[in-house]
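Please open the structure in your viewer and keep the selection tool at hand. The stops below say what to pick next and what is there.

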Amino acid sequence: MANDQQGPPDIPAVKQRTSQDIITPEIYAQANKLRIGELLVKHTTLTNDQLEEALQIQKEDPEAGLLGEILLKKNYINPNDIVKVVCQQMNIPYTSDIKIDEIDPEVVRDIPINYAKQHELIPIFETDYQVTVVMADPFKENIVNDLASIFQKDIKIVISHPIKINEAINRVYERATSNLVDSIEDEFDETLDLDGPIDILDATADEAPVIRFVNSFIFRAVKEKASDIHIEPYEKDVVYRFRVNGVMKEILRQPKKTHAAVSSRVKVMAKLDIAEKRLPQDGRIKIKIAGKDIDIRLSTTPVQNGERIVMRVLEKNNTVLELKALGFHGQVLDNLEELSKRKHGVLYVTGPTGHGKTTTLFAILSKINTPDKMIITVEDPVEYEMQGISQIQVNHKIDLSFGKALRSILRQNPDVIMVGETRDQETAEMAINASLTGHFVLSTLHTNDSASAPTRLIDMGVQPFLISSSLIGVLAQRLIRVLCDDCKTPVEVTDYQKEILGIKTLPTDAQVYDAVGCPKCNSSGYSGRTCVSELLMISDEIRSLILEKADSSVIKKKAVEEGMVTLRKDALSKILSGITSIDEVVRAINYEDEH
């Protein structure tokens, strides 16, 4: 293709066409010359009686319009019938069977899918001198000229029904996208693993190098199961980092000059304002990679050297795991099973951001999701889609907050309510009042341990008597990385490590392992994550302490006396079982708080 030739614009939205859109004045002009009525009777299902009726209407009412318009309004023909008969008379080929499987996806590489859908066309075959294009309307001369400019070849037109063309577009472009992903994977070592920067310095947001580069690092993030992509501009370069299994790692650096193009491309994908660089923006990107539906939550924040970009990567087809598979075991698992059977009360899951609280809530919901229960959730955003549950997405732009959504939910008379996060007094009090009126409520809270939850609610302004009468349990959890089975190695535990773990000797059957790193785990030494937890069951004694506004340390001490296994002890059991390492547990859990 010549450098001075430009392709069609990437149209952001496809206009919903009316039944008249396909019938252009040129088509009517051709139709009138070819005695349209006779042709339609000959080549379509139109009958002579229907034709006579339309001719009579046209004769009696000069404002009725052209014959084709009258027949369309009477639903005697469809819009494509006129095109079909005109094309037959003008020797333009017509096909009702587009052989989709025989179309090479490479032939559509220069035609954006939105443009193809807007103009109802798809290239199906390319030779050295000619490109065959299937169109619904062959009389759009400007579109044919565009195609000739794009391909720099003669354009041969074939006509088909718009529905057939749209089906071909969907299937061929899906294969083209799949091929792109495969090629990105094949070229990975030539892009993101290069020692030097990728050549995107002179690219704009719409040019292929930037698009390919952005596709590459998103694909790599999905491939490496990264939960977040961070793009951080500094004075001289831009740092790309992934968060994998809760740990940040640097992927590559690029010259500062590349950042504007990459930032603009990512914003275009998320339908954000590329001109606005002074204010934070939030958006979403929905893509499909290797058959997986990926939902990316995008956040941009202006910093000193440009815009910092964070992309949260979510797989929409995530399956909800069972509690045992998440890492819960022993008495905690048994107690969670018991709590999930309660008819009313509030169960909180606490922990830092990104430590699996929502995943745990949905594991509990999956146990109680039966046809005889009505379950409604309020989330920000909806991360798991579960059959049989009504899910509400919080929308701050229209002032749909957790509190407002929860207020409307209560009028729906549900059995179980899940509130994605308790952030303020209004949400907390409404959740508690819902439990007191016979609802089972699940929610999350940001506290360091389970015993701090009642204190946090009191700090929000919730009355202690409401907390003590409604709270049935608080689960605190952390996610820790699991050692790679292929490369973990046994180690001797030092006296200093024993002191950190709070033990004097190891059990005789215990073996502690350390991370090493191998190709299977991307040299990290770890593969996947599991949960460590503590579950505070609200007994009568603990209710009394909550009423007295007792300190969290007092509540925790009482809970331990009643048999609660702390986060530290649960983590220790996973170290001694060879599931994780001492270094990983020390990284994930603040041991100083437990001594």
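**Stop 1: helix H15**

Select H15 and colour its buried residues: Thr427, Ala428, Met430, Ala431, Ile432, Ala434 and Ser435. Keep in mind that this is a predicted model. What do those buried residues pack against? Show strand E10 (345-350), helix H14 (402-410) and strand E13 (416-419), then strand E14 (440-445), helix H16 (452-460) and helix H17 (464-470). The buried residues of H15 pack against each of these elements.

Now check the length of helix H15. It covers twelve residues, 425-436. At 1.5 Å a residue, the helix should span 16 Å, and its end C-alpha atoms are 16 Å apart, so the two agree.

Look at both ends. At the start of H15, a side-chain oxygen of aspartate 424 comes to within 3.4 Å of the backbone nitrogen of glutamate 426. Just after H15, glycine 438 has a positive phi of about 100°.

Stay on glutamate 426. Its salt bridge partner is arginine 407, with the closest N and O atoms 2.5 Å apart. The pair links distant parts of the chain: glutamate 426 sits in helix H15 and arginine 407 in helix H14, 19 residues apart. Glutamate 426 has a relative accessible area of 34%, so it is partly exposed. Arginine 407, at 36%, also counts as partly exposed.

**Stop 2**

Side chains of opposite charge can pair when their charged atoms come close. How many salt bridges does a search of the whole structure find? The search finds 28.

Select arginine 312 and aspartate 228. Their side chains meet in a salt bridge, 2.7 Å from N to O. Arginine 312 is in strand E9 (residues 306-315) and aspartate 228 in strand E4 (residues 226-233), so the pair ties together parts 84 residues apart in sequence. Is aspartate 228 buried or exposed? At 5% relative accessibility, aspartate 228 counts as buried. Arginine 312, at 22%, counts as partly exposed.

Next, select aspartate 295 and arginine 284. This salt bridge has its closest N and O atoms 2.5 Å apart. Aspartate 295 belongs to strand E8 (residues 292-303) and arginine 284 to strand E7 (residues 281-289), so the pair ties together parts eleven residues apart in sequence. Aspartate 295 is buried, with a relative accessible area of 0%. Arginine 284 counts as partly exposed, at 31%.

Then pick Asp101, Glu167 and Arg171. A network of salt bridges links these three.

**Stop 3: arginine 478**

Go to strand E15 (residues 471-483) and pick arginine 478. Arginine 478 has 9% relative accessibility, so it counts as buried. Which backbone oxygen lies 2.7 Å from a polar atom of its side chain? That oxygen belongs to asparagine 448. Show the other contacts of arginine 478, including Gly351, Pro352, His355, Thr530, Cys531 and Val532. Leu567, Ala588 and Ile589 are also among the residues that arginine 478 touches.

**Stop 4: a three-stranded sheet**

Select E1, E2 and E3. These three strands form an open sheet in that order, with mixed pairing. Strand E1 (121-126) and strand E3 (154-159) are the edges, each pairing on one side only. Neighbouring strands here are turned by 30° against each other on average, direction ignored.

Zoom in on strand E2 (residues 130-135). E2 and E3 pair in the parallel sense over six bridges. Glutamine 130 stands opposite aspartate 154 in E3.

Finish on helix H7 (residues 141-151). H7 lies across E1, E2 and E3, and runs at about 135° to E3.

Key. Residues numbered from 1 in each chain as written. Predicted model: local features only at pLDDT ≥ 70, side-chain atom pairs only at ≥ 80, totals over all residues. Heavy atoms only, no water. Helix = DSSP H or I, 4+ residues; strand = E, 2+ residues; numbered from the N terminus. Expected span 1.5 Å × (residues − 1). Buried < 20%, exposed > 50% of the residue type's maximum accessible area, 1.4 Å probe, protein only. Contact = heavy atoms within 4.5 Å. Polar contact = N/O pair within 3.5 Å; in protein donor to acceptor, adjacent residues only side chain to side chain. Salt bridge = Lys/Arg side-chain N within 4 Å of Asp/Glu carboxyl O. Pairing = 2+ DSSP bridges. Axes fitted to C-alpha atoms, helices over the stretch in contact; angles between N-to-C directions. Lists of a residue's contacts leave out its neighbours within four places in sequence.
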